[in-house]
Amino acid sequence: MSNILHRSDARPDVLVHVAANVRRLRAGAGLSQAALAEAADVSRRMLVNIEKGDVNVSLNTLDRLAAALGVAFYALVAPPETEDAARIDEVAWAGSSADSQARLLASKAAREQVELWSWSIAPGQVYESDADPVGWANMIVVLAGELTVTLGEERFTIAAGDFSVFPSDRPHRYANEGDVLLRFVRNVVY
């Protein structure tokens, strides 16, 4: 079972976030530590240490805690002041090598379905789309190049290694205005 973080040189922000969020959400739900521990099938001692930020916790345990609290996974790992799950960008798992990590970039509730797309757009090429129905969203991670997005009158770029989450209920356009092949991953959430 993989723990949320392996490196122990300093207490990572995500453990601090998990501690604060679990305490806040448990109190908000009116649950004692014993009641939440039982509902999530974790020991009370483990829950106490999670709330203190003193333990590396498995992603599986976080899933069980989120389910017991009736919240989405991101609500446990995001900074407590996060108002919108469209930009979380927190390390949720790190291996023993500095090159091994999983970052929770964003989360979006889906009513019906999520589509996962792999895109490539040659320099100078453009993809244009009509507005999607209200409630649809795009989650995009750029792997190479730079994506220029136009949403109605709004225009922004997403560089390689960055991401964006946005509603797609306006006409939208994806353009490669650079001189290298653009590659990105796109989730359509509806």
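Leaving aside its neighbours within four places in sequence, which residues is L65 in contact with? With contact meaning heavy atoms within 4.5 Å, the partners of L65 are V22, L36, A40, L47, I50 and L76.

Before I go on, two remarks on the source. This is a predicted model, where local features need pLDDT of at least 70 and side-chain atom pairs count only at pLDDT 80 or more, while totals for chains, interfaces and linings use all residues. Residues are numbered from 1 along each chain as its sequence is written, and side-chain values use heavy atoms, with hydrogens and water left out.

Now the overall picture. The chain has five helices and 10 strands; helices (H or I, at least four residues) and strands (E, at least two) are DSSP runs, numbered from the N terminus. The C-alpha atoms fill a box of roughly 60 × 40 × 25 Å, taken along the principal axes. Of the 190 residues in the chain, 39% are buried. Buried means under 20% relative accessible area, exposed over 50%, and partly exposed in between, with a 1.4 Å probe and protein chains only.

L65 is one of the residues that touch the most other members of the largest nonpolar core, which has 23 residues; the others are V18, V22, L47, I50, L62 and L76. At least two residues of this core come from each of α1 (13–28), α2 (33–40), α3 (44–52), α4 (59–69) and α5 (74–77). Another core lies apart from it, with 13 residues, among them W119, V142, L182 and F184. A nonpolar core here is a set of buried Ala, Val, Leu, Ile, Met, Phe, Trp, Tyr and Cys residues joined through side-chain atoms within 4.5 Å.

Next, how α2 packs. Axes are lines fitted to C-alpha atoms, for helices over the stretch in contact, and angles run from 0 to 180 degrees between N-to-C directions. The axes of α2 and α4 come within 8 Å and cross at roughly 115°. So α2 is roughly perpendicular to α4; angles under 35 degrees count as roughly parallel, over 145 as roughly antiparallel, 65 to 115 as roughly perpendicular and the rest as oblique. From α2, L36, A39 and A40 meet R64, L65, A68 and L69 of α4. By class, the residues of that contact are six nonpolar, no polar and one charged. Ala, Val, Leu, Ile, Met, Phe, Trp, Tyr, Cys and Pro count as nonpolar, Asp, Glu, Lys and Arg as charged, and the others, Gly among them, as polar.

With α3, α2 packs at an angle of about 110°, and the axes are 9 Å apart. On the α2 side the contact uses Q33, A34, L36 and A37, and on the α3 side R44, L47, V48 and E51. This contact has five nonpolar, one polar and two charged residues.

Last, some loop residues. D41, in the loop between α2 and α3, has a positive phi of about 60° although it is not a glycine. D41 counts as exposed because its relative accessibility is 61%.

Q113 lies in the loop between β2 (101–104) and β3 (114–121). Its C-alpha atom is separated by 5.5 Å from that of Y190, 77 residues apart along the chain. At 42% relative accessibility, Q113 counts as partly exposed.
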